[in-house]
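Below is a briefing on selected helices, strands and packing contacts. Please read it with the sequence and model open.

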Amino acid sequence: PPPPPPYFIEQAARGSPTSQHGAAQGRASRSVCGTVAVRCEVIGRRRRRGAGEEGVGCWASWWLGQRGGLVLIEDTIECEGRSLLKTFVAASAHRGESVHVFGFEIPEEEFRAGFDPDVTVRLLYQDGFTDPLRWTGEAGGFCGEEFTALGVSGQLARGPAGPATVVLDSLSWLLLRQPLPAVCQALGRIPMAAASAGLRVTRILALLHGDLHPPGLVETLRSLARAVVGVGPAPEGVGSGGDTPRLASMLQRKETGKVLEKEEYFTILAGFTPKALGEPTGSVPRDEDTDPHSMADPAANLTFNLRLSDTERRARDGVPLPFHFSAQKKSSLLEASASAGKIYYEPDAADDLDEEDPDDDLDV
Amino acid sequence: MAALATGGATPSDGATSFQRKVPASSRLAAIAGTRPSVRHGQLLLSSGLPSLDCVLGGGLAVGTLLLIEEDKYGIYSNLLFKYFLAEGIVCGHNLFVASAKEDPADILKELPAPLFDDVHKNQVDEKETAIKSKQESQESMKIAWRYQNLPKMEVSPAASARFGHYYDVSKTVSPELLKSIKWHRFFLPEEMSLHPEIKTCNMTCGYTRLLQSIQRIIYQEGFDGSYPQKKQKNILRIGIQSLGSVLWGDDICCTDNPEDIFSLTKFLYVLRGLLRMSLSACIITVPAHLIQNKAIMERVTNLSDTVVGLESFIGSERETNPLYKDYQGLIHVHQIPRLNSLICDVSGTKDLAFRLKRKQFTIEFADHQPCASQKEHILTFKHRLSFRASS
């Protein structure tokens, strides 16, 4: 098996979902690498800024977390996302999965340019660019209308067996020609249809041009996707000269229900390898442990004293409470709860107990 | 008022020593897991969350529809959905699970496990100890010593005779418990593949099939009284996940001008008719934040009985607000049904927040002031007491 690429630190089998049903090849490569604790935190109370390797580890966690889900790469006209899509393709191919690319926007040669030879071997390209409406009547190629669960799984079945990644370049092209519900239903059914044909689709990568669609459509797709990466331009001064730094804001939805959000600068080196360039210095990390002291103390600015000193507190504890019974009376009361009620009378200091019967004085 | 089940509680339960005096002959055959409401005389079901039952005025009435407006990532609405179904399992009701995204069998496998009495009794909530003064320890109470041998009321869930149970979110329900109930499924891709002759982008198609399926189950299993000789009646709990999302074939979530703007409202109208004429209750989650045309949500609210909206703090600026630091989100009760009355008699509190712990999902007032000497839980506990007093 090819040596694993240095920038991917993979997690050893610790009960992660992919480890249970990984290919033998994948398992071998996983056992070579050590473990790393990926620390992308939940956007909960804390927002910690991590070290540099967290970003790269974050890329790794994306792969380990996906299980037949949709990964959406959202770009705009200011910053293109196809190079990021190609890095995911390269990573997938390096993991030993076959990659089925459904290309509609750029020709095949342009898509294959820049990949290493071992990546292009695993790449199976379905050409939807040359003849999308089938005017020439030639066999081969892929038509837009064929994008249904059955059509896609039919194309997948022609490739080698084993785990497969489906890449859509781009989803926007399909959405401009077909209604969204049909496309979403097809995307949802692709893993099931492929499974019935004997394949295993690990994930579906889709490139979406965010500014081509109404915001409702983009929001809907984001809610359906398992992970969303938004690509935008980075401000100047990030990274060394020669790279084109970009900002990736990632949103990942795990199976346990947790939602991870992270922003990171990255650049893409030759051979489509990503390189993390650190995080934006946005929000100041707020530690919630300092909060109780900063909370408004209601007893602070009053004209009377509401606080207790220690001696005062002890004096308060020492005051005898009413109905303060002796210990044995308490225990007997507690034990005898099931029997008939007994009357306990403890005379206090002001009581005058006279045993004589007052009726004896009567002269009748 | 103590939660008197129709059978009464024996003193050995520790709950109460009062017994309801009902002559044995006139006792109606009660359906498991229900209790009559003292307000409007309807039969009430538990929604799976005792604190949500308090907010809704005792529970969900049989024959009504509970609509949950999903939070942004659908986490907590999914949890409420699961609590509802898990309550059905514990009470022995029949389930009908419909989804377009996940297989209903997978949904049922991930339901939370119920907590029974002996497990939970030992784990005392810290809030209950804060109500006594600081110097009292748990073992010997100085002031309230008569009560120290009694178990804590209304925190410990009892066996399935009680109304409303607690669930442990970290564990899933055991397969034996799942097998003991009868459940029906509706998975839209499966239905579509079985009958592919109808076009997949016809959005009323998915809704029509679902309605037909529900009607068929109600009729076949006799929930609408079609088999009067069947003595043991049961409730059908229907759960529909993410209705109105694109996976059902409806495009109200993506455009302002959908193709058929009324298909969801028609569905709800027919569904409510089916519910009213049968012994069933339904929970539906709707991705309301995605629906573009706000008029649709107004109509949907009108056509449902109980509408609860969830708003989670994940990713929003309220997350770091110190007022909300113990809570995971807000609950907005948009509508409570007016059954057999002109007004709904549940207090209109607007600031409810929810907090999710592993064993408890509590809904509390969000506007508490921190107390200087003790933790702020005193006030929240007092408010929870007032919930109990009113129900």
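On helix α10(B), the face turned away from the buried side carries the exposed residues B:Lys294, B:Glu298 and B:Asn302; exposed means over 50% relative accessible area, buried under 20%, and partly exposed in between, with a 1.4 Å probe and protein chains only. The model is predicted: local features need pLDDT of at least 70, side-chain atom pairs count only at pLDDT 80 or more, and totals for chains, interfaces and linings use all residues. Residues are numbered from 1 along each chain as its sequence is written, chains are lettered from A and ligands numbered from 1 in the order in which they are written, and side-chain values use heavy atoms, leaving out hydrogens and water.

**Helix α10 of chain B**

- The buried residues of α10(B) are B:Ile296, B:Met297, B:Val300, B:Thr301 and B:Leu303.
- Seen down the axis of α10(B), these buried residues fall within an arc of 165°, so they line one face of the helix; the arc is that of the directions from the helix axis to the C-beta atoms.
- They pack against β4 (65–69), α9, β10 (280–286), β11 (306–312) and β12 (329–335) of chain B, where contact means heavy atoms within 4.5 Å.
- Helices and strands are DSSP runs numbered from the N terminus (helices H or I, at least four residues; strands E, at least two).

**Packing of α9(B) on α10(B)**

- Helix α9 (residues 263–276) and helix α10 (residues 294–303) of chain B pack at an angle of about 0°, with their axes 10 Å apart.
- Axes are lines fitted to C-alpha atoms, for helices over the stretch in contact, and angles run from 0 to 180 degrees between N-to-C directions.
- From α9(B), the contact uses B:Leu264, B:Thr265, B:Leu268, B:Tyr269 and B:Arg272, and from α10(B) it uses B:Arg299, B:Val300, B:Asn302 and B:Leu303.

- B:Ile291 lies in the loop between β10 and α10 of chain B and counts as buried at 1% relative accessibility.
- Apart from neighbours within four places in sequence, B:Ile291 is in contact with B:Ile252, B:Cys253, B:Val286, B:Ile296 and B:Met297.
- B:Ile291 and B:Ser245 are 46 residues apart in sequence, with 8.5 Å between their C-alpha atoms.

**Chain B overall**

- Chain B contains 11 helices and 14 strands.
- Of its 391 residues, 51% count as buried.

**The sheet in chain A**

- Nine strands of chain A form an open sheet of mixed pairing, in the order β3-β2-β4-β5-β1-β6-β7-β8-β9; two strands pair if DSSP finds at least two bridges between them.
- The edge strands of chain A, β3 (123–127) and β9 (273–276), each pair on one side only.
- Strands β1 (residues 69–75) and β5 (residues 200–209) of chain A pair in the parallel sense over seven bridges, and A:Val71 stands opposite A:Leu205 in β5(A).
- β4(A) also pairs with β5(A) in the parallel sense, over six bridges, with A:Arg203 as the bridge partner of A:Thr165.
- Nine of the 10 residues of β5(A) are buried, so the strand is largely enclosed by the rest of the structure.

**Helices on the sheet in chain A**

- Helix α9 (residues 180–196) of chain A lies across β1, β4 (163–169) and β5 of chain A, running at about 155° to β5(A).
- In helix α10 (residues 215–224) of chain A, the buried residues are A:Gly216, A:Leu217, A:Val218, A:Thr220 and A:Leu221.
- Their cover includes β1, α8 (171–175), α9 and β5 of chain A.
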